[in-house]
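Please open the structure in your viewer and keep the selection panel at hand.

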10 protein chains.
Amino acid sequence: MSQAATIPTNSAPYAELPAINQQLFEAKAKKGLTFDALAKELGKDEVWVASAFYGQAKFTAEELQKLSQVLGIDQSSLSGALGEHWWPYRGLGPTPPSDPVIYRLYEGVMVYGHSIKAVIHEKFGDGIMSMIDCKVNIEKKPDPKGDRVLLTFDGKFLPYSKW
Amino acid sequence: MSQAATIPTNSAPYAELPAINQQLFEAKAKKGLTFDALAKELGKDEVWVASAFYGQAKFTAEELQKLSQVLGIDQSSLSGALGEHWWPYRGLGPTPPSDPVIYRLYEGVMVYGHSIKAVIHEKFGDGIMSMIDCKVNIEKKPDPKGDRVLLTFDGKFLPYSKW
Amino acid sequence: MSQAATIPTNSAPYAELPAINQQLFEAKAKKGLTFDALAKELGKDEVWVASAFYGQAKFTAEELQKLSQVLGIDQSSLSGALGEHWWPYRGLGPTPPSDPVIYRLYEGVMVYGHSIKAVIHEKFGDGIMSMIDCKVNIEKKPDPKGDRVLLTFDGKFLPYSKW
Amino acid sequence: MSQAATIPTNSAPYAELPAINQQLFEAKAKKGLTFDALAKELGKDEVWVASAFYGQAKFTAEELQKLSQVLGIDQSSLSGALGEHWWPYRGLGPTPPSDPVIYRLYEGVMVYGHSIKAVIHEKFGDGIMSMIDCKVNIEKKPDPKGDRVLLTFDGKFLPYSKW
Amino acid sequence: MSQAATIPTNSAPYAELPAINQQLFEAKAKKGLTFDALAKELGKDEVWVASAFYGQAKFTAEELQKLSQVLGIDQSSLSGALGEHWWPYRGLGPTPPSDPVIYRLYEGVMVYGHSIKAVIHEKFGDGIMSMIDCKVNIEKKPDPKGDRVLLTFDGKFLPYSKW
Amino acid sequence: MSQAATIPTNSAPYAELPAINQQLFEAKAKKGLTFDALAKELGKDEVWVASAFYGQAKFTAEELQKLSQVLGIDQSSLSGALGEHWWPYRGLGPTPPSDPVIYRLYEGVMVYGHSIKAVIHEKFGDGIMSMIDCKVNIEKKPDPKGDRVLLTFDGKFLPYSKW
Amino acid sequence: MSQAATIPTNSAPYAELPAINQQLFEAKAKKGLTFDALAKELGKDEVWVASAFYGQAKFTAEELQKLSQVLGIDQSSLSGALGEHWWPYRGLGPTPPSDPVIYRLYEGVMVYGHSIKAVIHEKFGDGIMSMIDCKVNIEKKPDPKGDRVLLTFDGKFLPYSKW
Amino acid sequence: MSQAATIPTNSAPYAELPAINQQLFEAKAKKGLTFDALAKELGKDEVWVASAFYGQAKFTAEELQKLSQVLGIDQSSLSGALGEHWWPYRGLGPTPPSDPVIYRLYEGVMVYGHSIKAVIHEKFGDGIMSMIDCKVNIEKKPDPKGDRVLLTFDGKFLPYSKW
Amino acid sequence: MSQAATIPTNSAPYAELPAINQQLFEAKAKKGLTFDALAKELGKDEVWVASAFYGQAKFTAEELQKLSQVLGIDQSSLSGALGEHWWPYRGLGPTPPSDPVIYRLYEGVMVYGHSIKAVIHEKFGDGIMSMIDCKVNIEKKPDPKGDRVLLTFDGKFLPYSKW
Amino acid sequence: MSQAATIPTNSAPYAELPAINQQLFEAKAKKGLTFDALAKELGKDEVWVASAFYGQAKFTAEELQKLSQVLGIDQSSLSGALGEHWWPYRGLGPTPPSDPVIYRLYEGVMVYGHSIKAVIHEKFGDGIMSMIDCKVNIEKKPDPKGDRVLLTFDGKFLPYSKW
C-alpha cells in the first residue's frame, strides 16, 4: 500500500473532475485497490465503477455509503457532493483524444463506424444501438502471440419512431 | 431483387469513396445481398466485408475474383482499381459524426474512454489495445424488452516499448 | 401550380442530399403541395414527412408507392434509390447553423440546455430524453400580438443502465 | 435535507458561472428544493428558474428578495451580484455539447432543423421563431412503455422586415 | 454597358448561391445597373436588394415580375426558382470572413460587441436588438479628410420573455 | 446606490480582462452610474467609454485622472495599470459569440456582409470601411410597435493602394 | 516558351480562383513571362501584379487592356470578368497555411506579432499599421552564406479614433 | 517614471508567459524604458529584444546580466528562470489573432501570401524564406499624409533538398 | 502488369492533386513499378520520388524527360504541367490525419515532440531541425518478432538568428 | 550548477503536466544535468527519458528509486505520484503545434506523410508502423556546411488483421 499516493489534480483528465472525484482516485490509490476489487465490494462491474469515478455515472446512496467504508472517505462529503442533487455532466476530455489508448477507440469509430452502422441496419432495420441502455465489458484473453483485449458493448436496439 | 437499385454517389458517405466502391454497393443492392451473405461467399466476417466496401480494408486478388463472380462486376475493373497498387486511405466521414448511429459509438468513447483506458492499464499494464490487429463483431441478442446489439472489439494488447 | 419550379441543387442544403431527394422537392414544388397536404396523403405528420424529404427518415415501400402516385415520380426510381438497401445518413448542414431559423433552435440548446437537463433529472432521474423514440410537432397558435410557433418534442425517457 | 451539499465549482458547467450562482445551487441543494418547488415560491415556471440559476436569465429585485428568504442567502450579496448592473452573458458550455442529455437536443436540431424550418415557412412565411420571446416547458407524460418527456418551445413568429 | 459581363460561378461567394442568383448578378452586370438603380425600380432600398441577390432575402411575386422586366430574365425561370416554394438559406461565406471588407464588420463585433451589449442593456433592459425586424442602410458622407461610410442598423428591441 | 455591487471576475467576459478593468466595472456599479453618465463626465460618447472599460480602447492620462475622481479609485493604480505602458489587446470573447445580443450583430455580418461589401464597392470603389477610424453610436428610437435600437458605424473609407 | 503550359485548375490554390484568373496564369506560363516582366509592362510592381493574378487586387480598365495585348487574351473576356462590376473577394487558401513558404510568414506573425505590436505602439501610439494602404516588396539580397529574401511591408499608420 | 506600473498577468498575452517575463515587462514599465532604449543597452535591435520579452527568443548569460543591471531585477532570478536550461516555447496568442494590429499582419499573409510565394519562386527557385535565420525591423517613415510603418523581414533563402 | 489500373481521382488524397499527378500514379500502376524501381531509374531515393508524385516536390526538366520515357507519358504534357512555371503547393490531406499510417506519425509528434525539442536544444542550442534541407529514408529491418520500419529524418540544424 | 533554477509552471508546456513532473524538470535544471547524463544513470536512452519527464512514458519503481537518488527528490513523493497507480495521459500541447521546432516535425507529416505511407505499403503490405513498439533516437552529425540532426523512428510493422 503506497501511503503517499497523489493524483495530479492540475492535469488531464483529473483537472476537469469535481474535487470529490479526485479524492476518490487518491483514496483508491492509497488503498492499492483495483477497479475490479472495488467493483466486487459494490456488487457491480469494474468498467461501470471506473466510469462513476470519472464522473460519467451516478452512485446510489447505498453505493456511496459502501464506498465511504471501503475507501475511508467521510460519508457526508461523499453524499454532499455526489448525492441526490448531483448529476453527471458526461463527456470527458478533448476530441479527437490525444492519448493513444483512447485514440484507438476513436479510430475504431472512424474506420469501422460505417460498417457497424450498415450491419446494424441490415440486422435490425432503421434505428440505433443505445449508449444509454448499454453495458461495457473488458476481458483479458490470453494468447501465446500476445494477450488480447476483448471489449464488448451490449446495447439495446432502439428503432426510429415515425409519426 | 430490385433491378433499379441506385447509390447516392453525390452524398455522404458514398461521395468520399472511389467510384469502384460505389459500384460495389450498387451491385450488392441489385443482387439483394446482405453483408452476411457476401461474407459467407468470401469466407470472411460481415463487419470486415462491410469495412472493405467502405474502403477501410483491402481485398486480396482471390477475394476480388470471387466478388467479381458474385456481384457480376468485370474482374479487370475490380483488380485495376482495388488491386495491388491500391491501398486503403482509412477514416471515413466527418468528426464528430453527425449520424446518430455512428455518434453513439463516438459518445461511447467520450463517456467510457477513460474507464476503458484505466481498466486496460490495471489488467495489462502500460500499453494500448490495437485497432490494427483487431476484429470487430456484431451479434443480435434477442431480448423480450427489446433486442440488443452485441458489439465486440477483439484487439491485441501492445505494451509500450522502452529503450 | 408553378410548372417551372426548380430546386437549387448546387446550394445548401439540397447539394448534400441524394439526387432523388432533390427530385422529391422539385415534384412537390411543381404540384404546389405543402408538407401538411403530403402528410395527409401518407397518413403521417408534416414534420416527419419533411424530415424524410431531407433524408433524415426512411419511407416504407408503401409510402414510396403512395408518393410515386401523388408526386408523379416513377416508382422504380423511388424504390431503387430509397428502398430497402438505403438507410438515412442523418445530420444535415453545418454547425453552428448559419440560417437564423435553425440557429434559433441551436441557441435554445445553448441557453436552455442545462436547465432542461436539470429539470429532466429532477423529474425522471439519471437518463436522457430520446431523440430516436421522439415525435416533433409544430402548431400555429394565433395571437393578437403576433402568432406563435408551438414546437413540441415528445420523447421517451431512457434511464442509464448500470451493471 | 443534506447539510453538507457541495457544488463542484471547479468543473463543468459550474466553473463558468459567477460565484453567486454557485451559491444558489449550493443553497438549493442544502434546502433539498427542486426547481419546481422554487418556481412555485417565485410564481414562475421551473425551466425559467433553472435558466436563471444557470446565469441564462435575470431575476427582478423582488425575485432576488424572495430567493434570499427561501434559500437563506444574504440579500445584499444577491442584489450586489445579480442586481441592476448585472446582465446575463448567455450560452453555457461547449458545442457540440458532450453531455448526452444536452447532445440529444443538439441532435434534434441537426436531424429535424431543416424540417422545422420548412414547416415554419409553409405555415408562417419568411421569418423565424423567436428564442427571445419564447417559453420552454417540460411535462412528464406517464406511459406504460416508459414515461415520456414533453418538451415545448412556445415562441413568437417574427417576419423578416423588408425596406 | 458591358455585353460580355460574366460572374465567376466557381468561386466565392457566388459558388454557394443557387444558379438563378448567379444569373441575376450577370444580368445586372450586363445592364450596367447598380443596386441603387435596381432598388429604385423595385421601390426598395439598395442594401435589401443586394441581400436578396445574395440569397439572403426573398422577393415577392411582384418584385420578381419587375426584376424580369428590368433585367431581361425569363419570368418563369425567376418564379420557378425563387417563387413561393423557395426560402432563403441565410448566412453566406466562411467565418471568420477572410475578405477585409467583411472582416472589418466582424472585427467591429469583436471589439465593440460587449460595449454595444452593455449600452443596449442600460438603455433598454434585458433583451436583444433584432436582426430580423431590422433595416440596414449605407450612406456616403463626404469629408475633406476622406469620405466616410455611414452604416446604420435599425432593429427592434425585443425584451426577454419570462414565464 | 448598491454598496455591495460585485463583478463576477471568474466568468465571461470579465475573467479575460485585467484586474483593473474589473475594478472599474465594480466602482461604476457601486456608484450606480450608467456609461452615458460616465461619458458625460469624461466628455466622450458612451459606446467609446464602454469599449475602454472592456479593454478595447485606451484612456488618456487626463481621462484616467477624471475617472479616478468620479469612481473613487486610487489614481496611481489606474495610471500604473492603464497608463502609458499599457496598450489594449483587442477582441474580447469567443467566436461565434454565444450571447444572443452579440450573436445578432455577428448574424448581421453573415446575412448582410456581402451586401454591405457590394454597396460600399459601388459607392466608393475598391477599398474598405475602416474599423479603426470609426465611431459607433447607439440611439433609442421610440416606436409604438416597440422601441428600436439605432446602431451606427461611422467609418472612414480607405481605398486600396496600388504600387 | 512552353506552348503546352497548363494550370492545375482542380487543385490549390487555383481551384478557388475565377476561371479568368486561371487563364491569366496559363497565358503567363505559355509566354514564359515572370511577374517582374509583366509588372514592367504594366508599370507596376511584381508583388502587386501577382496579387491581382491571385484575385487579391483589381486591375484598371487600362491595365486589363494592356494585359490583353501582352498575354494574348481576348480583351472583352478580361473586361467582362474582371471589369467594373467585379470586386476582389480577398483571402486565399486555408489557415493555418499548409504550404511551407506561406506557413513561414504565418509563423512570423505568431512569433513576432506581439513584438511588432509593442514596437509600433511605442513608436506611433495606439493604432495599427494599415494592410490596405500598404505596399509589399521583395528584394533578392546576395550573400555568400546564402542569398537572402528582403520582404518589406510599407503601410500607413492609422491612429484609433476616439469619440 | 511611473512607480506603480503593473502588468495584467491574468490577461492576454501576459497570462501565457512565464512569471519572470511578466516581471521583465513590469520592470521595463517602472523604469519608463522603451524597447529601443533597452536594445541600445544590450547592443541589439528593439524588435528582437521585444521578442525575447515575449518569450520568443533567448537571452545569453551576458544579456541577462546586463538586463539585471538595467532593470534592477535580481540576477539569479533571471538566470535561474531564463538561463541555460530554459528554451523558448514559441508561438504566442490565439489564431486567427483577434487584436487588430496583429490581425493586419495575418491578413497580409492571407492576401499577399500566394503572391510572395510566387515571386520568391520566380527569383530564387524551389525553397522557402527562413523565419529562423531572419531579422525583423520596424522603421518610422514620416509622411505628410500620415506616417508610415516600414516593416522588414530579412530572411535567408533555403532551397529544398533533394535526395 | 495490370493494364486496367485506375486511380480513384475523386477520392482522398488523389482528388487534391493536379490531374497530371493522377496520371503519374496511373502510369506507375499500369507499368507495375514501385517507387524504389522508379527512384533507381531517376537516380534518386524512393521517398523523394513518392513525395514528388504527391505534388510535394519538384522534378527537374531532366527528371521529367526521364519519367516521360519510363512511364510512357507524353513529355510535353509533363513539362507543360510540372515544368518551370509550376511550384509545389505543399501540405496534403486533412489534419489530424484520419488514415492510421499517417496518424501514427502525427501521434509521434504529439507524444515525442517535446522530448525531441528538448534533446535538440541540449545537443545543438536554440534553433530548429530543418524540414527543407532534410532527407527522409525508410528501411526494412527484418526481425523474427516482426519486421521493423526504420524511418530516418536527416535535417540540417538551423540556429536562431539574433539581431 | 544553477541553484536558483525555476520552471515556468504557469506556461506551456509545463502547465499541462502533473506537479511532480515540474519538480523533475526543476531538479534536473538545478543539478545541471542533460537528458543524456540522466539516461546514462538510468541505463536508458535520452529521448525516452525526456518523454517520461514530459509525462509521455512511465518509469518503473527501480527507475523512480534511481531518479530519487540522482535528483535528490524524496522517493515517496515520486512513487506516490508516478508509481503503480499512475498511467501516462499522452499527447502534449496544442495542434497544430505553434513552436517552430515541433511544427517542423508536424510539417514533415503533412509533406512526407503520404510518401511514407506509400513506401511502407510497397515494402510491407497493408498495415502500419507502430508508434507503441517504437524507439526514437537523435544523433548529432557534424557537417562543415552546418551540423545535421539525425532523427530515427524504429517501429514495428503491424499488418492489418482480417477476419
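## First stop: a hairpin in chain C

Begin by selecting C:K135, and you will find that this residue stands opposite C:D154, which belongs to strand β2 of chain C. Bear in mind throughout the tour that what you have on screen is a predicted model.

Now widen the selection to strand β1 (residues 127-141) of chain C together with β2(C), and follow how the two strands pair in the antiparallel sense over 11 bridges. These two strands form a hairpin with six residues between them, and in the turn you can pick out C:G146, which has a positive phi of about 125°.

Stay with β2(C), which covers residues 148-159, and consider how much of this strand is hidden: it is mostly covered, since 10 of its 12 residues are buried. In general, the side chains of a regular strand alternate between the two faces of the sheet.

## Second stop: across to chain D

Which strand of chain D pairs with β2(C)? Select strand β2 (residues 148-159) of chain D, and you will see that β2(C) and this strand pair in the antiparallel sense over nine bridges. To find one place along this pairing, select C:K156, which stands opposite D:R148 in β2(D).

Return to chain C and select C:P96, which is placed in the loop between α5 (75-82) and α6 (100-124) of that chain. The peptide bond that leads from C:T95 to C:P96 is cis, with omega near -5°. Then move to chain H and select H:P96, which is found in the loop between α5 (75-82) and α6 (100-124) of chain H; here a cis peptide bond joins H:T95 and H:P96, with omega at about -10°.

Select A:T34, which lies in the loop between α1 (19-31) and α2 (35-42) of chain A. Is this residue buried, partly exposed or exposed? A:T34 is partly exposed, because its relative accessible area is 33%, which falls between the cut-offs of 20% and 50%.

If you leave aside the neighbours of A:T34 within four places in sequence, this residue is in contact with A:K28 and B:E122. A polar atom of the side chain of A:T34 also lies 3.0 Å from the backbone nitrogen of A:A37.

Next select J:N21, which lies in helix α1 (residues 19-31) of chain J. This residue is buried, with a relative accessible area of 0%. Apart from its neighbours within four places in sequence, J:N21 is in contact with J:A52, J:F53, J:Y54, J:G55 and J:L82.

## Last stop: two helices in chain I

Finally, select helix α1 (residues 19-31) and helix α4 (residues 61-71) of chain I, which pack at an angle of about 45° with their axes 10 Å apart. That angle makes α1(I) oblique to α4(I). On the side of α1(I) the contact is made by I:L24, I:A27, I:K28 and I:K31, while α4(I) contributes I:L67, I:V70 and I:L71.

Notes
Residues are numbered from 1 along each chain as its sequence is written. Chains are lettered from A and ligands numbered from 1 in the order in which they are written. This is a predicted model: local features need pLDDT of at least 70, side-chain atom pairs count only at pLDDT 80 or more; totals for chains, interfaces and linings use all residues. Side-chain values use heavy atoms; hydrogens and water are left out. Axes are lines fitted to C-alpha atoms, for helices over the stretch in contact, and angles run from 0 to 180 degrees between N-to-C directions. Helices (H or I, at least four residues) and strands (E, at least two) are DSSP runs, numbered from the N terminus. Angles under 35 degrees count as roughly parallel, over 145 as roughly antiparallel, 65 to 115 as roughly perpendicular and the rest as oblique. Contact means heavy atoms within 4.5 Å. Buried means under 20% relative accessible area, exposed over 50%, partly exposed in between (1.4 Å probe, protein chains only). Two strands pair if DSSP finds at least two bridges between them. A polar contact is a pair of N or O atoms within 3.5 Å; within protein, one must be able to donate a hydrogen and the other to accept it, and residues adjacent in sequence count only if both atoms are side-chain atoms.
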